[in-house]
Amino acid sequence: MKTDDRDERLGAALDDAVTDLRPRSPDPGLLMRQGTSRRLAVLAAALFTVAVFIGAIGLAATQFGKEADGSIAGSRASRTFASPDYRWSMPVPDGWRAFATRSVGALGRWSRDSARAW
Amino acid sequence: MVADREGFERFFRARYPQLVRACALVTLNVAAAEEIAAEAFSRLWPRSGQMHDDDHAGGYAYTTAMRLCSKRRTRARREVLGDVAERSTGRDEAGTALTRAEVFAALGRLSLRQRQAVTLRDWAGFETDEVASMLGLRASTVRVHLARGRASLRETLGVKEPEA
């Protein structure tokens, strides 16, 4: 016989083992309620997962935006260092530290603070 | 149709015992088979609106049940010995008890996939392609499982191969 053909004898032998089986039959109404509840739970879990994923992406984007705001291009300088002698000024974002490597240089002198300016 | 409550209950009463028997042949445990079949039907109900007809719904129930059998295989394997031993002590009706014990013992020598393939093809009568779809395998893989499973069962149970 071909493998694709059904083996009736073997099928009958298997049937002998279970033909007298009388399973306990649960209430179909209960099964329907369980099925509906499980489906709702799966949907809720899927929605929760999507919400967490979107929230994580949103949070990451917000954090990235904050960091971008701290860059030179996106910053609003709150401090300005200027040289009264040579008429130059340099805006510095808030929170940045400016260090004078030399107190007197070719371009002039820090107008405020000395060695270390905030 | 199984989409409405009445249709589903009718479908359940007609098909539940058969699905339990199929699961029993795969898990070799009647109690586990009852649980799996019940869960398969409970999973069918929320999707009953998508079923074209009873055969489609039956195929879905079998597919779900076979997946559940695969999940429970480790647990079922531990329980099978106790189940077969209980039947062998004569607690069931004489005659059929020994047959079931013998058949279950022979099936116990097969892998889960072989049991599923033989049960779905030779006992339930699904086509090889349908069996492959239910088990998530290729038809050629199912044929290999069928050939090996049948050879082992024939040898153990003394069933002769049908004439070509």
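Predicted model: local features only at pLDDT ≥ 70, side-chain atom pairs only at ≥ 80, totals over all residues.
# Briefing: chains A and B

Helix α7 of chain B (residues 128–135) has T128(B), V131(B), A132(B), M134(B) and L135(B) as its buried residues. Here a residue is buried if 20 or more other C-beta atoms lie within 10 Å of its own, exposed if 12 or fewer, and partly exposed in between, with C-beta atoms placed from the backbone. Residues are numbered from 1 along each chain as its sequence is written, and chains are lettered from A and ligands numbered from 1 in the order in which they are written.

**Around α7(B)**

- The buried residues of α7(B) pack against α3 (54–71), α6 and α8 of chain B. Helices (H or I, at least four residues) and strands (E, at least two) are DSSP runs, numbered from the N terminus.
- After α7(B) comes G136(B), with a positive phi near 70 degrees.

**The nonpolar core and C23(B)**

- The largest nonpolar core has 58 residues, and L19(B), C23(B), A37(B), F41(B) and A65(B) touch the most other members. Such a core is a set of buried Ala, Val, Leu, Ile, Met, Phe, Trp, Tyr and Cys residues joined through C-beta atoms within 7 Å.
- The most residues in this core come from α1(B), which gives 11.
- C23(B) sits in helix α1 of chain B and is buried, with 30 other C-beta atoms within 10 Å.
- Not counting residues up to four places away in sequence, C23(B) touches A33(B), I36(B), A37(B), A65(B) and C69(B). Two residues are in contact if their C-beta atoms, placed from the backbone, lie within 7 Å.
- With its neighbours within four places in sequence left aside, A37(B) is in contact with Y16(B), L19(B), V20(B), C23(B) and A65(B).
- C23(B) and L120(B) are 97 residues apart in sequence, and their C-alpha atoms are 9.9 Å apart.

**A positive phi at L28(B)**

- The loop between α1 and α2 of chain B holds L28(B).
- L28(B) is not a glycine, yet its phi is positive, about 65 degrees. Most residues other than glycine have a negative phi.
- L28(B) counts as buried because it has 25 C-beta neighbours inside 10 Å.

**Where the chains meet**

- In the contact between the chains, 42 residues of chain B meet 29 residues of chain A.
- On the side of chain B that touches chain A, α1(B) gives the most, with nine residues. That side divides into 23 nonpolar, six polar and 13 charged residues. Ala, Val, Leu, Ile, Met, Phe, Trp, Tyr, Cys and Pro count as nonpolar, Asp, Glu, Lys and Arg as charged, and the others, Gly among them, as polar.
- Helix α1 (residues 8–18) of chain A packs with α6(B) at an angle of about 105 degrees, the axes being 8 Å apart. Axes are lines fitted to C-alpha atoms, for helices over the stretch in contact, and angles run from 0 to 180 degrees between N-to-C directions.
- α1(A) and α6(B) are therefore roughly perpendicular; angles under 35 degrees count as roughly parallel, over 145 as roughly antiparallel, 65 to 115 as roughly perpendicular and the rest as oblique.
- L10(A), G11(A), L14(A) and D15(A) of α1(A) meet V118(B), T119(B), D122(B) and W123(B) of α6(B).
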